[in-house]
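Here are my notes on the model, as numbered points. Please keep the structure open while reading them.

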Amino acid sequence: MRASLIQIGVNEDESVEARRRRVASLVREQAGADLVVLPELWTTGAFAYESFEAEAEPLEGPTYEAMAKAASDAGVWLHAGSIPELDPAGLYNTSLVFSPSGELAAAYRKIHRFGFDKGEAVLMSAGTEVVTARLPSTTLGLATCYDLRFPELFRRLVDADAEMFVVPAGWPERRRSHWTLLAQARAIENQSYVVACGTAGTHARVPQAGHSIVVDPWGEVLAEAGADEEILTVDLDPAKVATTREQFPALKDRVL
Ligand SMILES: O=C(O)CCC(=O)C(=O)O
């Protein structure tokens with residue numbers, strides 16, 4: 001299984017519409033991959049709080065349309081990162097997964113909102129559903145950025161048969177060591193792949209970590225990007241989850 005992580009930068013000089021077109025074309029260029037992954041809130045930038053409401057869109061809005069088409073043009077499973085989703089119930093940080101025919105396979109509303117008493121934590125509503133997406137060769141478990149700090153979500157995803165966590169993010173450079181360490185921890189403790197795609201550059205004056213990372217179920221880092229825009233391509237063997245869980249059956253020793 002070949003995965004391509006598109007680590008783009010959110011440059012405020014580029015309009016949302018132009019970025020959408022650029023990202024769609026990058027997705028199309030990944031034809032031949034099995035899974036393509038984008039970062040969190042790449043239309044606005046995860047820290048561009050003042051843009052969330054202005055750029056919010058209904059679930060089936062312009063980003064959905066463009067990404068559904070890009071997935072089917074490329075013939076890939078596409079985790080399209082997340083959008084600021086405007087719903088009558090509130091504003092959500094919602095990840096979208098499309099099948100190679102451009103059908104929506106899953107939508108996940110970020111459960112843990114970042115910012116403590118400001119930013120996303122006050123502007124957005126919290127999701128409540130644990131979401132997986134079944135692919136022919138594996139089951140994806142969906143989590144977004146700050147969720148990476150909450151191991152109980154990943155256990156719930158494993159209980160729902162997830163074998164590969166896909167984590168779009170806009171993680172800041174300041175806490176980059178947490179990003180790589182937590183990605184490895186989530187992989188090791190759940191004997192699962194972690195495919196985590198971050199953002200490059202700086203937006204809203206917050207330098208981004210980049211360093212998108214793919215970790216195997218043994219905790220080995222298979223590939224890691226640098227800080228700049230980059231497409232990180234890696235070959236994964238989904239069967240490695242079952243062999244790791246059989247050969248070192250720690251998950252079977254769970255008590256709680
Ligand atoms: O947990 C962190 O350090 C970063 C989280 C974050 O930036 C986010 O969830 O948008």
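1. N11 counts as partly exposed because it has 14 C-beta neighbours inside 10 Å. On this scale a residue is buried if 20 or more other C-beta atoms lie within 10 Å of its own, exposed if 12 or fewer, and partly exposed in between, with C-beta atoms placed from the backbone. N11 is located in the loop between β1 and α1 (16-28). Helices (H or I, at least four residues) and strands (E, at least two) are DSSP runs, numbered from the N terminus. N11 and D34 are 23 residues apart in sequence, and their C-alpha atoms are 28 Å apart in space.

2. A word on the basis of these notes. The model is predicted: local features need pLDDT of at least 70, side-chain atom pairs count only at pLDDT 80 or more, and totals for chains, interfaces and linings use all residues. Residues are numbered from 1 along each chain as its sequence is written.

3. How many helices and strands does the protein chain have? Its secondary structure comes to seven helices and 14 strands. The radius of gyration is 17 Å, close to the 18 Å that the globule rule gives for 256 residues, so the chain is as compact as a globular protein of that length. That radius is taken over C-alpha atoms, and the globule rule is 2.2 Å times the number of residues to the power 0.38. The C-alpha trace spans about 50 × 40 × 35 Å along its principal axes.

4. Of the 256 residues of the protein chain, 47% count as buried. Two residues are in contact if their C-beta atoms, placed from the backbone, lie within 7 Å. Among contacts between residues at least 6 apart in sequence, 68% join residues at least 24 apart.

5. The UniProt record, an unreviewed entry, carries the annotation "domain: CN hydrolase" over residues 1-238. UniProt positions are given in the numbering used here, feature names are shortened, and annotations may be inferred rather than shown by experiment. Over residues 1-238 the chain is 26% helix and 29% strand, and the end C-alpha atoms are 7 Å apart.

6. Two strands pair if DSSP finds at least two bridges between them. Axes are lines fitted to C-alpha atoms, for helices over the stretch in contact, and angles run from 0 to 180 degrees between N-to-C directions. A3 has L35 as its bridge partner in β2.

7. Another open sheet of six strands, also with mixed pairing, has the order β6-β7-β8-β9-β12-β13. Which strands form its edges? They are β6 (132-134) and β13 (221-224), each pairing on one side only. Here the twist averages 15° from one strand to the next.

8. β6 and β7 run antiparallel and are joined by three bridges. They form a hairpin with four residues between them, and R134 has T139 as its bridge partner in β7. In β8, V166 is the bridge partner of L142, while F165 stands opposite G141. In a regular strand the side chains alternate between the two faces of the sheet.

9. The largest nonpolar core has 72 residues, and those with the most contacts inside it are V37, L78, F165 and V195. Such a core is a set of buried Ala, Val, Leu, Ile, Met, Phe, Trp, Tyr and Cys residues joined through C-beta atoms within 7 Å. Helix α3 gives the largest share of this core, six residues. Leaving aside neighbours within four places in sequence, V37 is in contact with residues including A3, L5, V166 and V195.

10. S72 belongs to helix α3 (residues 62-74). Is S72 buried or partly exposed? S72 is partly exposed, because it has 16 other C-beta atoms within 10 Å. Not counting residues up to four places away in sequence, S72 touches P100, S101 and G102. The C-alpha atoms of S72 and F98 are separated by 8.5 Å, although the two residues are 26 apart along the chain.
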